[in-house]
Amino acid sequence: MSSTALITGITGQDGTYLAELLISRGYTVYGLVRGQNNPRLAVVAQLCPGVEFVEGDLLDQSSLIAALETCQPNEVYNLGAISFVGLSFKQALLTGEITGLGVTRMLEAIRTVNDKIKFYQASSSEMFGKVRESPQTELTPFHPRSPYGVAKVYGHYITVNYRESYGMFACSGILFNHESPRRGMEFVTRKITNGVARIKLGMQKQLTLGNLESQRDWGFAGDYVDAMYRMLQQPDPDDYVIATGEMHSIREFLELAFTRAGLDWRDHVGSDPRFFRPAEVDRLVGDASKARDKLGWTPTTTFKDLANMMVDSDLAIQQRAAAAGAPAG
Ligand code: GDP
């Protein structure tokens, strides 16, 4: 019998990779879309032509119930959120409503419509924040450092709570930073690779960043959505850290990205207090041993390959835009 999945956050980076994966496995895939005339829909339709759209909003309980009744999914992947730490400081309440309470709204909708639907919650390494130990595992205590991280901790624990209280098949994937050519321009890796491409092609001279000292465990989004899928195919629901186990600095990413284009980052990178955060997460690195042992999951893309892939893609995008005579962001 073929399966059906509903993905919230379908217009984001992970939504499109996950939709492609599920469609390739024979799923019928619905994407929850909010608002009127959502401009990102055309992009999703082009990347994943098989996705069907259903209206709904993580702020609106009855719309989630209606969406589940329409799709009748076997699996729900909750990737929808205000996902950018920087924005969460500026819109802390909205972040709590969508990224935090939105999880409960979806869990309640599942309980109302069909409590056998399997649920995946997109938890985040930002929950570890000011880390208590390194590397971080499923048992490391949380100490979030942003309204985003705090809302994700709430979403994580409400997922665990509904599993324990109601026996629901609810899993939480604690994913470390994961990037790709589809990453939003507001995140540091894509901001850098897009900047590299534009500098290389003479469209800009400088790239202005914030704190270059932080270190992250960066993986490839295409690998990480496979871990989400694997979690929902297990006999029992559980929580898993998904990470590469390697930590790199922003300076290292700058070095790789600029070198790929034959440039020296020191000639082009400036600093602006606007891009510093009120509280910073200095160092994150995950231990994905449990995912490796139980899910058979391992990352396939190295840090260097990831940086190269993103620079090559942005160079191609900017070259096409230049040829067409139009700016591409
Ligand atoms: P995050 O780990 O989810 O916050 O992912 P980001 O890609 O947004 O940020 C990663 C790190 O890069 C954080 O420590 C930021 O403070 C740092 N950073 C430094 N300059 C910038 C910048 O210009 N934009 C962003 N987004 N992050 C920056």
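Thr95 counts as buried in this predicted model, because its relative accessibility of 0% falls under the 20% cut-off. The residue belongs to helix 5, which spans residues 92-113. Its side chain has a polar atom 2.7 Å from the backbone oxygen of Gln91. Leaving aside residues up to four places away in sequence, Thr95 touches Ile82, Ser88, Gly100, Pro147, Tyr148 and Ala151.

The protein chain is divided into two domains: domain 1 consists of 4-178 + 218-242, and domain 2 of 184-216 + 248-284 + 302-324. To the contact between them, domain 1 contributes 17 residues and domain 2 contributes 18 residues. Taken over C-alpha atoms, the centres of domain 1 and domain 2 are 27 Å apart.

The area that domain 1 and domain 2 bury between them is about 1600 Å², and carbon and sulfur atoms account for 69% of it. On the side of domain 1, the residues that lose the most area to domain 2 are Phe84, Arg145 and Trp218, which together make up 49% of what that side buries.

Polar interactions across this interface can be listed briefly. The rule finds 1 salt bridge between domain 1 and domain 2, and 1 residue pair in polar contact, with both residues at pLDDT 80 or more. Two elements give two or more residues to the side of domain 1 that touches domain 2, namely helix 4 (85-90) and strand 10 (219-220). Helix 4 supplies the largest share of that side, 3 residues. By residue class, the side of domain 1 that touches domain 2 divides into 8 nonpolar, 7 polar and 2 charged residues.

A salt bridge joins the side chains of Glu126 and Arg216, with an N to O distance of 3.8 Å.

Two features of the backbone remain to be described. Most residues other than glycine have a negative phi, and most peptide bonds are trans. Against that background, Gln72 has a positive phi, near 50°. Gln72 is located in the loop that connects helix 3 (61-71) with strand 4 (75-78), and its relative accessible area of 48% makes the residue partly exposed. Pro135 lies in the loop between strand 5 (118-124) and helix 6 (147-166).

Note on methods: Residues are numbered from 1 along each chain as its sequence is written. This is a predicted model: local features need pLDDT of at least 70, side-chain atom pairs count only at pLDDT 80 or more; totals for chains, interfaces and linings use all residues. Side-chain values use heavy atoms; hydrogens and water are left out. Domain bounds come from an automatic or database domain assignment. Contact means heavy atoms within 4.5 Å. Buried area is the accessible area (1.4 Å probe) that two parts lose on being put together, summed over both. A salt bridge is a side-chain nitrogen of Lys or Arg within 4 Å of a carboxyl oxygen of Asp or Glu. A polar contact is a pair of N or O atoms within 3.5 Å; within protein, one must be able to donate a hydrogen and the other to accept it, and residues adjacent in sequence count only if both atoms are side-chain atoms. Helices (H or I, at least four residues) and strands (E, at least two) are DSSP runs, numbered from the N terminus. Ala, Val, Leu, Ile, Met, Phe, Trp, Tyr, Cys and Pro count as nonpolar, Asp, Glu, Lys and Arg as charged, and the others, Gly among them, as polar. Buried means under 20% relative accessible area, exposed over 50%, partly exposed in between (1.4 Å probe, protein chains only).
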